[in-house]
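Work through the exercises below with the sequence and the model side by side. Try each task before reading its solution.

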Amino acid sequence: MSLNYEAEFYREGLLKTVIIKERNTGTSYTTIEFTIKNKLTDSDGKVIIDTGHTSFFSPKEFREFFGPIFKDMKERLDNDNANNIQN
């Protein structure tokens, strides 16, 4: 299973990008690259914030850390409570 995913979320001028890439697949040192970027613009389109952060995990670390978060988010979406994701 290859883990490559990119999603963008936009709200009130803030664009949040989440990128997940699996690196070195099929080797003993497979890593998961997790990047989150934030770009905030004002009403004129002027960039106020443009930041990002990248972390690297082993597949086991990634599942243990993000698994419960993704499971909770999926349950909320499946139960049609998308507005509760912020809470």
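## Exercise 1: A residue and its contacts

Leaving out residues up to four places away in sequence, Thr17 touches Glu6, Ala7, Glu8, Thr35, Ile36 and Lys37. Note that the model is predicted.

**Solution.** 

## Exercise 2: The overall fold

**Task.** Give the order of the elements in the protein chain and say what share of the residues is buried.

**Solution.** 
- Step 1. Count the elements: the protein chain has one helix and four strands.
- Step 2. Read from the N terminus: the order is β-β-β-β-α.
- Step 3. Turn to burial. Of the 87 residues in the protein chain, 20% are buried.
- Step 4. The accessible surface comes to about 6800 Å², and carbon and sulfur atoms hold 52% of it.
- Step 5. Among contacts with a separation of 6 or more, 21% join residues 24 or more positions apart.

## Exercise 3: Aromatic pairs

**Task.** Classify the ring pair Phe34 and Phe66, then the pair Phe57 and Phe66.

**Solution.** 
- Step 1. Know what to look for. A pair of aromatic rings is described by the distance of the centres and the angle of the planes.
- Step 2. Centres must lie within 6.5 Å for a pair to count. By this rule there are eight aromatic pairs.
- Step 3. For Phe34 and Phe66, the centres are 4.6 Å apart and the planes stand at 35°, so the pair is tilted.
- Step 4. Locate the partners. Phe34 belongs to strand E3 (residues 31-41) and Phe66 to helix H1 (residues 59-78); the pair links distant parts of the chain, 32 residues apart. Phe34 and Phe66 are buried.
- Step 5. For Phe57 and Phe66, the centres are 5.5 Å apart and the planes stand at 85°, so this pair is edge-to-face. Phe57 and Phe66 are both buried.
- Step 6. Widen the view. One aromatic cluster is formed by Phe34, Phe57, Phe62, Phe65, Phe66 and Phe70.

## Exercise 4: Core and surface patch

**Task.** Which residues make up the largest nonpolar core, and which form a nonpolar patch on the surface?

**Solution.** 
- Step 1. The largest nonpolar core holds seven residues: Val18, Ile20, Ile32, Phe34, Phe57, Phe62 and Phe66.
- Step 2. Trace them to elements. Strand E2 (14-23), E3 and H1 each give two or more residues to this core.
- Step 3. Look around one member. Beyond its neighbours within four places in sequence, Ile20 contacts Leu3, Asn4, Tyr5, Ile32, Glu33, Phe34, Phe62 and Phe70.
- Step 4. Now the surface. Phe65, Ile69, Phe70, Met73 and Leu77 form a nonpolar patch, with about 450 Å² of accessible area together.
- Step 5. Ile69 lies in helix H1 and, at 42% relative accessibility, counts as partly exposed.

## Exercise 5: Salt bridges

**Task.** How many salt bridges does the structure hold, and which elements does the bridge between Glu33 and Arg23 tie together?

**Solution.** 
- Step 1. The structure holds three salt bridges.
- Step 2. Glu33 and Arg23 meet at 2.8 Å, N to O. Glu33 is in strand E3 and Arg23 in strand E2, so the pair ties together parts that are 10 residues apart in sequence.
- Step 3. Compare burial. Glu33 is buried at 14% relative accessibility, whereas Arg23 is partly exposed at 34%.
- Step 4. Glu64 and Lys60 meet at 3.8 Å, N to O. They are four residues apart in helix H1, so about one helical turn separates them. Both Glu64 and Lys60 are exposed.
- Step 5. Asp78 and Lys74 meet at 2.5 Å, N to O. Both lie in helix H1, four residues apart, about one turn of the helix. Asp78 is exposed at 54% relative accessibility, and Lys74 is exposed at 51%.

Definitions and conventions
Residues numbered from 1 in each chain as written. Predicted model: local features only at pLDDT ≥ 70, side-chain atom pairs only at ≥ 80, totals over all residues. Heavy atoms only, no water. Phe/Tyr/Trp six-rings, centres within 6.5 Å; stacked < 30°, edge-to-face > 60°. Buried < 20%, exposed > 50% of the residue type's maximum accessible area, 1.4 Å probe, protein only. Patch = residues over 30% accessible without salt bridge, like charges linked within 9 Å, V, L, I, M, F, W, Y side chains within 5 Å. Areas by Shrake-Rupley, 256 points an atom, 1.4 Å probe, with all protein chains shown as cover. Salt bridge = Lys/Arg side-chain N within 4 Å of Asp/Glu carboxyl O. Core = buried A, V, L, I, M, F, W, Y, C linked by side-chain atoms within 4.5 Å. Contact = heavy atoms within 4.5 Å.
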